[in-house]
Amino acid sequence: MADSIYMNDIWCYHTELLQWTEIKTTGAVPSQRSNSSLHYDSKNNRIVMFGGGGPNKTRFSAISILDW
């Protein structure tokens, strides 16, 4: 049994509706991971993700960008 669940999905929380909605994207998707760092770049309206970890103690040093 794995001790962690690694994911590569993105969700949005609607504060007025108090509910989560999964956001479907297109293009290249980063591999499943946990513990990545995210930053919202308001100037360019995008989310920048760095690093994270995966199964078997894999560590990532890649940068991925979700361009809205």
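**Sheet.** I looked up the open sheet first: 3 strands form it in the order β3-β4-β7, with antiparallel pairing. Strands here are DSSP runs (E, at least two residues), numbered from the N terminus; two strands pair if DSSP finds at least two bridges between them. The edge strands are β3 and β7 (63-67), each pairing on one side only. From one strand to the next the twist averages 20°, the axes being lines fitted to C-alpha atoms and the angles running from 0 to 180 degrees between N-to-C directions.

**Source.** The model is predicted, so I note that local features need pLDDT of at least 70, that side-chain atom pairs count only at pLDDT 80 or more, and that totals for chains, interfaces and linings use all residues. Residues are numbered from 1 along each chain as its sequence is written, and side-chain values use heavy atoms, with hydrogens and water left out.

**β3 and β4.** I checked the pairing of β3 with strand β4 (residues 46-50): the sense is antiparallel, over 5 bridges. Ser37 has Phe50 in β4 as its bridge partner.

**Asp41.** I found Asp41 in strand β3 (residues 37-41). Is Asp41 buried or exposed? Asp41 is buried, because its relative accessible area is 13% (buried is under 20%, exposed over 50%, partly exposed in between; 1.4 Å probe, protein chains only). A polar atom of the Asp41 side chain lies 3.3 Å from the backbone nitrogen of Lys43.

**Tyr13.** I then turned to Tyr13, in strand β1 (residues 10-14). Tyr13 is partly exposed, since its relative accessible area is 36%.

Methods:
Helices (H or I, at least four residues) and strands (E, at least two) are DSSP runs, numbered from the N terminus. A polar contact is a pair of N or O atoms within 3.5 Å; within protein, one must be able to donate a hydrogen and the other to accept it, and residues adjacent in sequence count only if both atoms are side-chain atoms.
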